[in-house]
Each structure stands twice: as structure tokens, then as C-alpha cells.
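Let's take a walk through this structure together. Have a look at it first, and then we'll go piece by piece.

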Amino acid sequence: MTRVNLALLILIACVASLPLFGGAYALRVGTIACMYAIFALSWNIVGGFAGYPSFATAAFFGFGAYATAILLNKGVPLSVAVIGSLVMCFLLAAALGTVLLRLRGHYFAIASLSLVEVFRELVNNATDLTGGGMGLNIPLASGSGILADATFFFYAMWGLMLITAVVVMIVSASKLGFGLNCIRQNETASNMVGLNSTLYKSAAFGLSACFVGAAGGIYAAWVHYIDPSDVFDILYSVKPIVMALMGGLGSPLGVFCGAFVYLGLEEVVWRNYIQIHSGVLGVLIIMLLLFLPHGLISLRSGMFRRKAKHV
Amino acid sequence: MLAVQVLINALVLGCLYACIAIGFSLVWGVLNVINLIHGSFIVLGAYLAWGAYQWLGISPWYALVIAAPLFFAFGYLLQRLLLNRVISAPVLVTLTLTFGLDLILNNAMIYYFKADYRKLTLSPPTGSISLFDVVVPVDRLIATASALALTGLLYLLLRRSKVGRAIVAVRLDRDAAVLMGVDVKSIYAIAFGLGAALAGCAGVLMALIFPISPLTSSAYLGKAFVVCVLGGLGSVSGALAGGLLLALVEGIGSTLIGPAHATTLSFVLLIIFLVVRPQGLLGRKGFE
Amino acid sequence: MSEIRHEILHLSNVSRHFSGLQALRDVTISVNKGEVLGLIGPNGAGKTTLVNTICGVTPASSGVVTFDGKDITRVKTYQAARLGLSRTFQIVQPFAEFTALDNVAAAALFSQPGESLRSAREEARAHLAFVGLDAQASQSAATLTLAMRKRLELAKALAMKPKLLFLDEVNAGLNSAEVERATKLIHQLAAGGITIVMIEHLMKVVLNVCTRIAVLHNGQLIADGQPRDVIKNPAVVDAYLGQQYAQRNAARG
């Protein structure tokens with residue numbers, strides 16, 4: 001257990017105490033924060049570890065949301081539906097990954113971005129199954145009052161975040177993580193030393209999608225109504241990248257902090273500048289990229305022994 | 001005859017698509033930057049045409065002439081002052097940066113113009129004509145002709161002028177161009193400015209045909225993407241080839257499986273090409 | 001043939017073309033176990049292409065490649081690596097952010113089944129010591145000099161426990177002291193029983209180390225045999241060695 005991983009687990013534990021301090025609003029923000037952390041941690045596997053800039057997060061978030069919603073509508077219990085979405089997303093992403101991850105750089109980015117469009121359109125058109133453009137209503141999962149409902153979903157999202165973080169830590173220390181690191185630095189050399197890069201990349205893509213999909217499922221159950229342009233929103237693909245860039249590419253602790261800092265900023269901006277909030281986000285992105293290209297973690301490089309970028 | 005109608009529609013639309021994409025293709029091919037603001041540039045150009053016609057009575061043809069230098073300057077400055085700082089950064093950074101810029105521009109447009117759809121209706125209306133038993137609206141026809149003229153102009157610029165040839169040199173081999181004494185930084189800014197100018201002009205033309213709203217910017221961007229991947233980067237012929245192919249596939253697809261699927265079809269085609277032939281129909285391998 | 005030779009690699013009419021350019025033309029050649037084969041020829045002759053084709057980096061357009069009895073014409077790069085084919089790159093390909101140790105450990109880890117990161121790192125130390133880089137084990141690859149990076153490349157190739165090792169211009173960019181050192185290492189490797197194919201321009205090294213020479217010109221094999229005979233071959237002199245070299249050699253007897 002490295003110091004960094006310990007720090008991450010402690011932070012996660014702290015977040016768990018949120019319901020003690022806040023009411024409905026805090027719970028709502030906390031749930032979204034956990035969701036964002038899941039996005040950032042997941043994206044980091046394929047974008048930070050492997051070095052493939054994926055814009056597909058929204059595609060699997062939406063897929064997971066719809067998969068869960070459809071299963072819930074058929075009477076399947078929530079936990080089963082969410083796990084089902086997780087597995088489906090993993091398999092789908094791994095399969096698509098074998099094809100898409102043959103592309104590099106810009107081409108991969110576009111292909112992953114197009115996935116979002118294609119998935120959205122497919123869902124839009126499969127009206128019988130998904131309700132198409134009119135959206136899908138989801139039956140209420142638990143009962144007993146708004147606060148209890150909100151608390152339940154907060155812990156559901158928090159629990160998923162914990163699982164995601166633990167998986168990311170395990171991957172980081174494993175042969176898979178080491179291999180992805182090799183791939184990021186020099187894919188040709190990786191193949192030359194016997195690493196099956198297609199397999200590793202697929203696994204990375206699958207892992208980057210499965211928790212996002214599960215988060216989509218929890219989200220769907222939480223908000224009770226989803227429609228294609230709501231869940232297949234490109235912003236869900238871009239925000240994790242901004243969070244990761246903010247926190248420090250490659251570092252799980254960094255992207256986790258990036259997610260929470262980002263959400264804090266987003267909430268402040270939303271509450272005060274709602275009409276221009278996306279513009280402000282844009283300004284934030286530009287400032288970040290120009291002045292803090294290695295993320296927040298590069299500011300705290302004194303804290304950790306190893307080189308700041310890839311912990 | 002249905003087939004001829006589909007074909008003529010595809011030809012007309014294809015040229016328009018090419019016009020939308022050519023600026024984007026130039027920037028991607030020369031600077032290796034995917035300019036996510038492109039769609040918003042187009043919409044801004046459309047607003048320029050609309051506003052000029054609505055309030056100043058300036059016909060869109062003159063708006064073209066006004067738009068070009070304005071957008072060129074805008075693009076040139078944007079590249080020189082901002083984008084140039086991250087020009088050698090990884091794909092992720094440039095993509096996210098232009099995404100951020102697009103958020104700002106798009107938000108600004110929604111704020112000032114509101115998201116409602118507007119239409120530029122010429123008075124007197126131009127009607128439509130019959131071409132080989134096929135009905136084509138005149139405004140679309142004129143827009144197509146103008147689109148072709150614009151792409152033709154760019155072609156001549158790239159072939160005949162010194163600046164144009166320098167741009168092509170940088171696209172083909174940046175390092176060799178540097179050795180030849182080309183001021184690459186300046187070329188980057190010029191190319192980006194050109195891309196912006198072309199987008200603005202494309203917007204003016206689009207205003208004649210399609211409704212105008214900031215919400216359409218991602219649709220234009222999406223089209224530009226697909227055209228570039230299908231046709232190949234950085235060349236006029238590539239944009240034309242890609243545009244025509246896209247329009248044809250959409251047209252045939254719409255007829256066979258319904259117009260709602262046209263966008264899906266275009267993105268599926270995009271993915272197929274990315275996997276099978278990433279350099280597009282006419283492109284050269286190696287541009288990532 | 002008086003000796004019993006064990007053929008480890010065989011190419012049969014291997015050709016490779018890239019959209020219009022014929023890089024390899026009907027190359028048929030065998031490499032025997034324990035040999036040190038020198039692959040020489042002018043630039044653009046197809047030497048690196050040949051290595052790439054054998055190792056699965058670019059597939060052959062036609063022909064058959066057999067390694068250790070197996071047909072490897074269509075194998076992927078990583079599979080060739082696991083089968084025992086290892087190579088260095090002309091333009092070195094390190095994992096720039098990794099330490100020298102981790103660079104070599106990566107090679108050991110992924111080419112051998114059942115390795116763990118810890119055992120791979122232990123093995124890596126031994127390989128680094130062999131090439132004389134043990135002092136640089138914790139340095140990042142990006143900070144090493146070119147000569148060190150070339151040795152690192154060699155250490156990586158060795159960590160894969162290859163049956164056949166391709167050395168692609170290991171001496172390019174090295175000064176004479178470094179070349180001597182590299183040549184000594186190659187002698188040691190050959191003595192240890194690894195079959196080596198080396199692409200090399202320095203004839204001094206080739207004649208010093210190689211047991212056999214093959215010459216490529218315009219994608220075709222124009223000579224293949226004992227070093228002494230090959231360098232006198234008029235076609236080889238014409239295509240590559242040059243009259244001056246031939247005369248100097250003849251004078252030496």
C-alpha cells in the first residue's frame with residue numbers, strides 16, 4: 001500500500017461522512033461528486049495509464065443508464081440491473097476496443113467521440129425499447145421520503161466509487177498497469193518485448209467503461225427519468241478529461257481530487273452565473289491548459305517521492 | 001425519377017458539405033489540430049449574414065466578402081495568441097483547448113442571440129427550378145455554386161500563390177519546410193485564419209438554406225469530421241470527395257431506411273473508414 | 001556438407017512490397033543455430049525490412065518464414081517475441097520514462113510466461129550487469145547517452161532469452177572505443193550459443209565477428225557465404241564495398 005493510495009482511501013472515507021453534515025442539497029452534490037470521481041478514475045485507465053485520449057465516457061454512461069432503466073422496467077432488482085450494466089459495458093467496450101484502439105491520436109479520439117453519437121442515435125431510434133426521444137421513466141426503487149432516497153443513492157454512488165478506486169489501485173500495481181504504462185511510452189517497443197498490446201488495451205477500455213456504465217445505472221434509478229440527449233451528452237466525455245488534466249494525468253489520487261475540485265467550481269459557477277456557466281467552464285479549461293498543464297498534483301510534488309506525473 | 005432526384009440532391013448537398021469541411025480539413029491537415037470551434041464559426045458566419053440582411057439590408061453575397069477578412073483576422077489572432085502555445089502538445093490538450101474555446105463562443109452566441117432558430121428569407125423569394133425532371137430550389141443551387149467557387153478559390157490559392165504553396169509544403173513535411181526557410185509559425189496562423197474565413201463564408205451560405213441557431217454548431221462540426229475522414233485531410237479534392245460520398249450515402253440511406261437515420265449512418269461510415277482506411281479516399285497516410 | 005547443422009530460421013522466396021516499391025524480392029536464406037550471420041548491403045537494400053518481416057512488424061507479401069520448425073509468416077510481433085525472436089532497433093526504442101532497470105524488466109516480464117514483476121526486476125539486474133549498465137539501473141532511460149541506450153537495447157533483447165537475436169546497426173553513432181566494447185559483448189553472446197543476425201556497416205566488425213555474410217541489394221540476395229569469399233565477390237564489390245576496399249583487401253592478401 002503506497003502512501004498515495006493510502007491518502008486516496010482516507011479521502012474516500014472522509015467523503016463517506018458527508019450525510020452527517022449536510023441536507024438534501026449536500027447529498028445531491030455529493031452524489032454527483034462521487035459520480036464525477038468514478039468518471040475521472042475510469043477515464044484515467046485508458047487516458048492516463050495507456051495514453052489513449054478517449055472521448056467515449058458519455059457513450060458508456062448512457063448505455064449503462066439505459067441498460068439499467070430497461071431492466072428496472074422489467075422488474076429486475078436494482079443491484080442486479082446495475083451489475084448487469086457493468087458487465088455489459090465491460091464486454092461491449094472490450095469488443096469495441098479491439099477495433100478502435102488500433103487507431104492512434106486524433107483518429108482514436110474522433111472514433112471514441114463518434115461512439116457517443118452513434119449510441120445516442122441508436123437509442124433515439126429504438127423507440128420500442130427505449131422510448132426514443134421521449135425518454136424513459138424509471139420506477140421508484142426505494143420508498144420512505146426524499147432524504148432517505150437521497151442518502152441511499154449517495155451511498156450507492158459512493159460504494160461504486162470505492163470499488164472503482166480499489167480496482168484502479170490494483171491495476172496500477174499489477175502487470176496490467178505496468179503493461180499499459182509501457183504501451184503509453186512506446187507501443188512498438190511493447191509489442192517487441194512480447195506484450196500483446198491489443199489485449200491489454202481492450203482490457204483497459206473495458207475497465208474504463210464498466211464502472212461508468214454502472215454509474216449510469218445508478219444515475220438512471222436516482223433521477224427516475226432519462227432521455228438520449230440527457231445521458232449521451234458529450235460533456236460527460238469532456239468533463240472527466242478536464243478533471244484528469246486538472247488533477248494530474250495518470251495519478252488516481254490526482255484525478256480524484258481533480259473531480260472534486262472541478263465539481264466545486266461547477267457548483268459555484270452554476271449557482272452564480274447560470275447563463276454563462278458553460279462559457280466559464282470554457283475559460284477554466286483554457287486557463288488550466290495554459291498555466292497548469294500537469295495538473296494540481298504537480299504543485300504538491302514535494303509530498304511524494306516519485307515523479308509527479310505517474311504515480 | 002427517384003434515383004435521379006437522389007443523385008442531384010446528393011451532388012448539391014455534397015458541394016455544400018465540402019464547403020463546410022474544407023476549412024476544418026485545412027487546419028487539421030496543416031496544423032494537426034482538430035478545431036472544435038469550427039462549427040461555431042459556421043454558425044457565427046450564418047448570424048453575420050442574417051444580421052447583415054435583417055438590419056442593414058446587405059445581401060448575402062456581399063456578406064461573403066465582409067465575412068472572409070473578418071473571420072480570417074479572428075482566426076489568425078486566435079492561433080497566434082492562444083493556440084500557438086499548445087501547438088506541440090499532445091492531441092488531448094489541443095482537443096480540450098479548442099473544446100473550451102468552443103464552449104465560450106457557443107455560450108456567447110446563445111447569450112446574445114438566444115437559441116431560437118432564425119431563418120434568412122430572401123425577398124423576393126427565389127423559388128425553384130426544374131432540372132432533368134428534378135426539382136431544385138434556386139437558393140440551394142446558388143449556394144452550391146458559391147460553395148464550389150469558394151473551394152475553387154482555395155484550390156487556386158494553394159496551387160498558385162506563394163503563401164498557398166508554403167501551406168502545402170508545411171502540410172506535406174513540416175520539417176522540410178522549416179529547412180526551406182518557411183516561417184512555420186506564420187503559416188500556421190495564416191492557415192488557421194484561412195480555415196476560419198472558410199468556415200465563416202460557409203456559414204453565410206448555410207444561412208440561405210438552413211435555419212440558424214447556436215444549437216446547430218455540433219451538427220456542422222460532425223459533418224466536417226465525417227467529410228474529412230472520408231475524403232482525406234488537407235486537400236480540396238479530398239473535401240469534395242468526402243462531401244459527395246457522405247451526401248450520397250445519406251441520400252441513399254434516407255431513401256432506403258428513412259431520414260431519421262441519416263446522422264447515425266454518417267457516423268457509422270466514419271467509424272468504418274477510420275478502421276479500414278483512415279487516410280480517406282484521397283488522403284495520405286500518416287496524419288494522426 | 002560435412003557437419004550436421006541445425007537450421008533455426010529459413011526464408012523461402014520471401015517478398016515484400018509497399019504500394020509500388022518492391023522492398024524484398026524472392027529472398028531465400030537459412031540461418032543455422034549458433035551462427036553469427038552478417039547482413040550487409042547499401043542503404044535501402046531492405047535489410048531492416050527483412051528483419052521487420054521476420055519479426056512480424058510488417059507481414060511478408062509472399063513467401064514462407066519458418067523458425068525453429070514453425071511457420072511464422074503470419075505471426076504478430078508479440079508472438080514472434082515470445083517464440084524466441086528478439087531484436088534491437090537501429091533507432092533505439094526505449095521506454096523513455098522508465099528506469100534502465102524497468103526497461104529490461106519489461107522485456108523479461110512480457111516475453112516469459114509466469115514471470116512476476118519482482119522476478120523480472122531481479123533478472124534485469126543481471127542483464128544490466130552483463131552490458132555494463134548496473135550503475136545506471138535507477139536512471140531514467142531518457143537521461144542515458146546514446147551508447148548506453150544501445151547497450152540498454154541489447155540488455156532488453158537478452159532479457160527475452162532469445163533463440164535468435166537480430167542486431168540492427170548496434171554500432172551506428174558509436175566511437176571506436178564504444179564499438180570495441182560492443183564487439184566484445186557480441187563475441188560473448190555468440191560464445192554463449194545465441195544465434196545472431198547482425199545488420200552492420202562497419203566491415204571491420206563484420207569480419208571480426210561473423211561466421212557467414214549475406215549481401216542484400218535492391219531487395220535481392222546477391223551473395224551468401226564465407227566472409228572471405230563474399231568480400232571478393234565482384235557483384236558485392238560493385239554494389240556495396242567499392243573498388244578501393246577490394247584493392248586494399250587484395251593487397252592484404
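Which domains does the domain assignment of chain C give? There are two: domain 1 (1-84 + 162-228) and domain 2 (96-156), with bounds that come from an automatic or database domain assignment. Keep in mind that this is a predicted model, where local features need pLDDT of at least 70, side-chain atom pairs count only at pLDDT 80 or more, and totals for chains, interfaces and linings use all residues. Residues are numbered from 1 along each chain as its sequence is written, and chains are lettered from A and ligands numbered from 1 in the order in which they are written.

Taken over C-alpha atoms, the centres of domain 1 and domain 2 of chain C sit 24 Å apart. Seven residues from domain 1 of chain C and six residues from domain 2 of chain C make the contact (two residues are in contact if their C-beta atoms, placed from the backbone, lie within 7 Å). On the domain 1 side, helix H2 (77-83) and helix H6 (176-191) of chain C each bring at least two residues; helices are DSSP runs of H or I, at least four residues, numbered from the N terminus.

Now find C:Thr49, in helix H1 (residues 47-54) of chain C. C:Thr49 counts as buried because it has 21 C-beta neighbours inside 10 Å (the cut-off is 20 or more other C-beta atoms within 10 Å, placed from the backbone). Leaving out residues up to four places away in sequence, C:Thr49 touches C:Arg16, C:Ala23, C:Leu24 and C:Thr58.

Finally, chain C meets chain A, with 18 residues from chain C and 15 residues from chain A in the contact. H3(C) gives the largest share of chain C's side, five residues.

Note on methods:
Buried ≥ 20, exposed ≤ 12 C-beta atoms within 10 Å, placed from the backbone.
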